[in-house]
Amino acid sequence: MSKALTTFALVAVLTALLMALSLAVARHGYPYGAIGVRRLDGIADAGTFIPLAAVFFFSALLMMILPIRAASIVLTHAADAIFWTVIVLFATIVGGLLARWAFGQGSAMLALLNWRFLFAVAIVGCHFVMNELRRNVLLRSLFFVVFAAATLACLFWSFTL
């Protein structure tokens, strides 16, 4: 947990610094600043977490039914990679919004109220409790169904609200 928080904080600060640099350059009238802002804003979409959640929940589903050795391969090569991707992506979004807020765009932080960020929270939460789910046969069976439903929902439901 400590490593995840440290990674989140470092990426958020670095992104905030880059966004602040781009905003400052754009404020002085240079077109390169706007290019930097557009590039950093290009990844700042909460909808990005939906397909990541589908892949993560599918890997979690596999970890519930596979033997321990095969489940560990899925954990280290799929679930961990997606977990760190979500941490870095969410930190990038938060860092960019913090820089915008610091430059006087007070409504920028309202973008964090998008309900699709719950997919990122679900991925992080599931990753932290995955070890406990594997230990208990009843929980493993129950969460096999939960992860199957979550995978199918992320893949096939439109989530337009």
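Biologist: What does Ser 22 touch, not counting residues up to four places away in sequence?
Modeller: Ser 22 touches Gly 33, Gly 36 and Val 37. Contact here is heavy atoms within 4.5 Å.

Biologist: What kind of model is this, and how are residues numbered?
Modeller: This is a predicted model, where local features need pLDDT of at least 70 and side-chain atom pairs count only at pLDDT 80 or more, while totals for chains, interfaces and linings use all residues. Residues are numbered from 1 along each chain as its sequence is written, and side-chain values use heavy atoms, with hydrogens and water left out.

Biologist: What pLDDT does the protein average?
Modeller: The average is 89, and 99% of the residues score at least 70. pLDDT is the predictor's confidence in each residue, from 0 to 100.

Biologist: Which elements have the lowest and the highest mean pLDDT?
Modeller: Helix H2 (residues 31-41) has the lowest, at 83, and helix H3 (residues 49-65) has the highest, at 93. Where pLDDT is low, the predicted coordinates should not be read in detail.

Biologist: Back to Ser 22. Which helix is Ser 22 found in, and is Ser 22 buried or exposed?
Modeller: Ser 22 sits in helix H1. Ser 22 counts as buried because its relative accessible area is 12%. The cut-offs are under 20% for buried, over 50% for exposed and partly exposed in between, with a 1.4 Å probe on protein chains only.

Biologist: How do H1 and H2 pack?
Modeller: H1 (residues 2-27) and H2 pack at an angle of about 145°, and their axes are 7 Å apart. Axes are lines fitted to C-alpha atoms, for helices over the stretch in contact, and angles run from 0 to 180 degrees between N-to-C directions.

Biologist: Which residues of H1 and H2 meet there?
Modeller: From H1, Thr 15, Leu 18, Met 19, Ser 22, Leu 23, Val 25 and Ala 26 meet Tyr 32, Gly 33, Ala 34, Gly 36, Val 37, Leu 40 and Asp 41 from H2. The residues of that contact split into nine nonpolar, four polar and one charged. Nonpolar covers Ala, Val, Leu, Ile, Met, Phe, Trp, Tyr, Cys and Pro, charged covers Asp, Glu, Lys and Arg, and the others, Gly among them, are polar.

Biologist: OK, zooming out. How many helices and strands are there?
Modeller: The protein has six helices and zero strands. Both are DSSP runs numbered from the N terminus: H or I with at least four residues for helices, E with at least two for strands.

Biologist: What does the C-alpha trace span along its principal axes?
Modeller: The trace spans about 60 × 35 × 20 Å. Buried residues make up 36% of the 161 residues. Of the contacts with a separation of 6 or more, 75% are between residues 24 or more positions apart.

Biologist: Which residues does UniProt list for "transmembrane region"?
Modeller: The unreviewed UniProt entry lists residues 48-69, 81-103, 109-130 and 137-159. Such annotations may be inferred rather than shown by experiment. In the model, residues 48-69 are 86% helix and 0% strand, with end C-alpha atoms 30 Å apart. Residues 109-130 are 59% helix and 0% strand, with end C-alpha atoms 31 Å apart.

Biologist: How about Thr 92, buried or exposed?
Modeller: Thr 92 counts as buried because its relative accessibility is 11%. Thr 92 is in helix H4 (residues 68-102). Leaving out residues up to four places away in sequence, Thr 92 touches Val 11, Thr 15 and Ile 43.

Biologist: And Ile 68, where is its place?
Modeller: Ile 68 is in helix H4 too. Ile 68 is exposed, with a relative accessible area of 62%. Ile 68 and Gln 105 are 37 residues apart in sequence and 49 Å apart in space, C-alpha to C-alpha.
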